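Dear colleague,

Please find below the sequence and the structure that I am handing over to you. My notes on what was found follow directly after them.

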Amino acid sequence: MTLHSASSNTPKLGMRTTKQRTAVVEVMQDIDRFLSAKEIHTALQEREAKVGLTTVYRTLQSLVDIHAVDALHSPTGETLYRHCETDSHHHHLVCTKCGRTEEIDGGPIEEWARTVADTYGFQLTGHDAEVFGICTKCQEKA
Ligand SMILES: [Zn+2]
Ligand SMILES: [Zn+2]
Ligand SMILES: [Zn+2]
């Protein structure tokens, strides 16, 4: 199940909108898949936006902090970033070949996380679960 909402094209930039933030988010909206900081940096250079790699990292971190951008760890250990359309809590189904991403509902994971935390007397502060696979288009190509 996807959670795309109608009013989804407004970039989420947070309160302190800087030129760097705008440039980084614009690239992410255009490419629309999970990207590494290096890939975002390269895309910015192609657009002649003068943003250094360190600034890209710092900008991405600040966007993650305000939940404007989602971060996940790929199976190869890279940190990848995406500007998601869904504002509410969601998970990701990511194609490991082309990076295509579906924003998905956590389904039974939500209840499971609560139950596990309860069982051990933990106060639940969060949980993490991403699904990786090969999308239909990439399967056809293979
Ligand atoms: Zn997301
Ligand atoms: Zn794919
Ligand atoms: Zn969840």
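**Arg 33 and its surroundings**

Arg 33 counts as partly exposed, because 14 C-beta neighbours lie inside 10 Å of it, where a residue would need 20 or more to be buried and 12 or fewer to be exposed. Please bear in mind throughout that this is a predicted model.

The position of Arg 33 is in the loop between α1 (19-31) and β1 (35-36). Leaving aside residues up to four places away in sequence, Arg 33 touches Arg 82, Gly 99, Arg 100 and Thr 101. Several of these partners return below: Arg 82 belongs to strand β3 (residues 79-82), Gly 99 sits in the turn of a hairpin, and Thr 101 belongs to β5 (101-104).

**The chain as a whole**

The chain contains 5 helices and 6 strands. Read from the N terminus on, its elements run α-β-α-α-β-β-β-β-α-β-α. Of its 142 residues, 20% count as buried. Among the contacts between residues at least 6 apart in sequence, 54% join residues at least 24 apart.

**The sheet that contains β1**

Which strand order does this open sheet of 3 strands have? The order is β1-β3-β2, and the pairing is antiparallel. The edge strands, each of which pairs on one side only, are β1 and β2 (70-73). Between β1 and β3 the antiparallel pairing extends over 2 bridges. Leu 35 has Tyr 81 in β3 as its bridge partner.

**The sheet that contains β4**

A further open sheet is formed by 3 strands in the order β5-β4-β6, and here the pairing is mixed. Its edge strands are β5 and β6, each pairing on one side only. On average, neighbouring strands of this sheet are turned by 15 degrees against each other, direction ignored.

On one side, β4 pairs with β5 in the antiparallel sense over 4 bridges, and His 91 stands opposite Ile 104 in β5. These two strands, β4 and β5, form a hairpin with 5 residues between them. Within the turn, Gly 99 has a positive phi of about 85 degrees; Gly 99 is also one of the residues touched by Arg 33.

With β6, strand β4 (residues 91-95) runs parallel, and 4 bridges join the two. Leu 93 stands opposite Val 131 in β6, and Cys 95 stands opposite Gly 133 in β6.

**The contact of α1 with α3**

Two packed helices are described by the angle between their axes and the distance between the axes. For α1 and helix α3 (residues 53-65), the angle is about 85 degrees and the axes are 10 Å apart. The two helices are therefore roughly perpendicular to each other, a description that applies to angles of 65 to 115 degrees.

Which residues of α1 meet α3? They are Gln 20, Arg 21 and Val 24, and their counterparts in α3 are Thr 55, Val 56, Thr 59, Leu 60 and Leu 63.

**Positions annotated in UniProt**

An unreviewed UniProt entry lists His 89, Glu 110 and His 127 under "binding site". These positions are spread over 39 residues of sequence, yet they cluster in space, with a largest C-alpha distance of 10.6 Å. The annotation comes from that record and may be inferred rather than shown by experiment.

Are Glu 110 and His 127 placed in a helix or in a loop? Glu 110 is found in helix α4 (residues 108-119), while His 127 lies in the loop between α4 and β6 (130-133). Glu 110 counts as partly exposed because it has 14 C-beta neighbours inside 10 Å. His 127 is likewise partly exposed, with 15 other C-beta atoms within 10 Å. Apart from residues up to four places away in sequence, His 127 touches Ile 109 and Ala 113.

With kind regards

Methods
Residues are numbered from 1 along each chain as its sequence is written. Chains are lettered from A and ligands numbered from 1 in the order in which they are written. This is a predicted model: local features need pLDDT of at least 70, side-chain atom pairs count only at pLDDT 80 or more; totals for chains, interfaces and linings use all residues. Two residues are in contact if their C-beta atoms, placed from the backbone, lie within 7 Å. Axes are lines fitted to C-alpha atoms, for helices over the stretch in contact, and angles run from 0 to 180 degrees between N-to-C directions. Angles under 35 degrees count as roughly parallel, over 145 as roughly antiparallel, 65 to 115 as roughly perpendicular and the rest as oblique. Two strands pair if DSSP finds at least two bridges between them.
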